[in-house]
Amino acid sequence: MQLYNTDLHIHSPHSIAVSKSLNLDTMIATCKKKGLHLLGTGDILQPEWLKYMQNNLQRTEDGAFKYKDLYFLLQTEIEDTENIHHIVFLPDFKTVYETQEKLRTHSKNLYNEWGGRPRINLSPAELVDIISDLGGIIGPAHAFTPFKAIFRQNQYATLKECYQDSVKKVLFIELGLSANTDLADRLECLQDVTFLSNSDAHSQSPRSLGREFNKFDIDNPSFEEIESALRRKDSRKIILNVGLHPKLGKYYNMFCNKCRRRIIFKKSNKSLTSIFNQYQITPNFIKYYSNDAENTRKDFIGTVAKGKVICPACKEEFNKNFKIKLGVSERIETIASYKNTKHPDHRPPYINAIPLIDIIRSIKNVKNSTSKTVVNAYDKIISQLGNEYEILLDLPIERINNYDENIGSIVKAMRNNEISYTPGGGGTYGEIKLDLDA
């Protein structure tokens, strides 16, 4: 058995808002810096990307697909009639073509240049049945995000509600950029399901590709071994999930669906009446004040869940009634089966990680993660200390301190869960709060 760091959800230049320079060679360059061994192909049903992959990937003796030193799993993302996104894994190129043919009459953009993530006019259960019958694997993508997700507001509260009698064919869910196992394991319906943490990368940037990953304990990186691990069969399994701390994700906090300001709560010692009249508007936040912030927040969440809270900023600025929308954390609170997290025995550890790019950017006080200052600093530390996963997870703190004490102090605090965050929401990533002089 061997360990493989895997990121099984990416996209191609044939999906909207994806880097045009994302290709096999640029992916390999980033994967070496990150420490990734196995990657999803992304968008494998799109004809041009399919042809590109088929012309370049080589089949190994154990049935895995490989380009140079990097292994690949044939993968795509699909949207169904209920605007739910699913990740699909397919065993070989023959099955890819069979899947295209099976879905062709149910889609208008399957063969389009920008059809990397096709819309398939089938229900979730119908889609699961087709993919499973063809020998593929399917599960919900970014399951808790407020857009295009199975557990989003006003959508489903359990897997069974969504997939009906086909629910047993769903082997995994993807946590997705704003949830971790502590949050997801508050739902009883997920106790038997394997969790994946993937990047949903839209570029080869190390801030995107591999920002979330899974450590598989398998014999080889083939489809059959991946499937066995998802089933937790024959000692194959995932032994570690690593992802952004939920507060660093783009959708952790509730937000206005129009202006995308995040909603936060502050305690006030003043005598206040209704919370809905006690707020402060800033460029990024709407801050509500109350004498009991936690209980007020719970009542507020309940009202938002019913679609009854209007954004005061949009009301003041545009005289429009745009609604406040639940983020991942609040949505989980409304559908959770358990007050406290209940991890099943099979659940591997989850590490709340901070991308090394973000650590460097925060230390240097640079907002743009693609700035030359940040990228050069990132490449330099990788060249001297090893790949990013080694630095974040395994390298002795003393070695990191010898290179840069500020980076070492943040990595140590991250490993000990001692970092404070400004939570993300409404499409804006969260930020780490630094106190390097403390």
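I took a salt bridge to be a side-chain nitrogen of Lys or Arg within 4 Å of a carboxyl oxygen of Asp or Glu. The model is a predicted one, in which local features need pLDDT of at least 70 and side-chain atom pairs count only at pLDDT 80 or more, while totals for chains, interfaces and linings use all residues. Residues are numbered from 1 along each chain as its sequence is written, and side-chain values use heavy atoms, with hydrogens and water left out.

Entry 1, salt bridges. I looked up Glu101 and found that it forms a salt bridge with Arg104, with 3.0 Å between the closest N and O atoms. For exposure I used relative accessible area, where buried means under 20%, exposed over 50% and partly exposed in between (1.4 Å probe, protein chains only). Glu101 is partly exposed at 46%, and Arg104 is partly exposed at 38%.

I then turned to Lys34, which forms a salt bridge with Glu388 at 2.9 Å between the closest N and O atoms. This pair links distant parts of the chain, 354 residues apart, with Lys34 in helix 1 (residues 24-34) and Glu388 in helix 13 (residues 388-394). Lys34 is buried at a relative accessible area of 0%, and Glu388 is buried at 2%.

A further salt bridge joins Arg347 and Asp185, N to O at 2.9 Å. Arg347 lies in the loop between helix 10 (328-335) and strand 17 (350-353), and Asp185 in the loop between helix 6 (181-184) and strand 9 (194-196), so the pair ties together parts that are 162 residues apart in sequence. I noted that Arg347 is buried at 9% and that Asp185 is buried at 0%. Salt bridges with shared partners also join Arg207, Asp358, Arg361 and Glu431 into one network, and the structure holds 18 salt bridges.

I read 15 helices and 19 strands in the protein chain, taking helices (H or I, at least four residues) and strands (E, at least two) as DSSP runs numbered from the N terminus. Buried residues make up 57% of the 438 residues. With contact meaning heavy atoms within 4.5 Å, I found that among contacts between residues at least 6 apart in sequence, 69% join residues at least 24 apart. The C-alpha trace spans about 70 × 55 × 40 Å along its principal axes.
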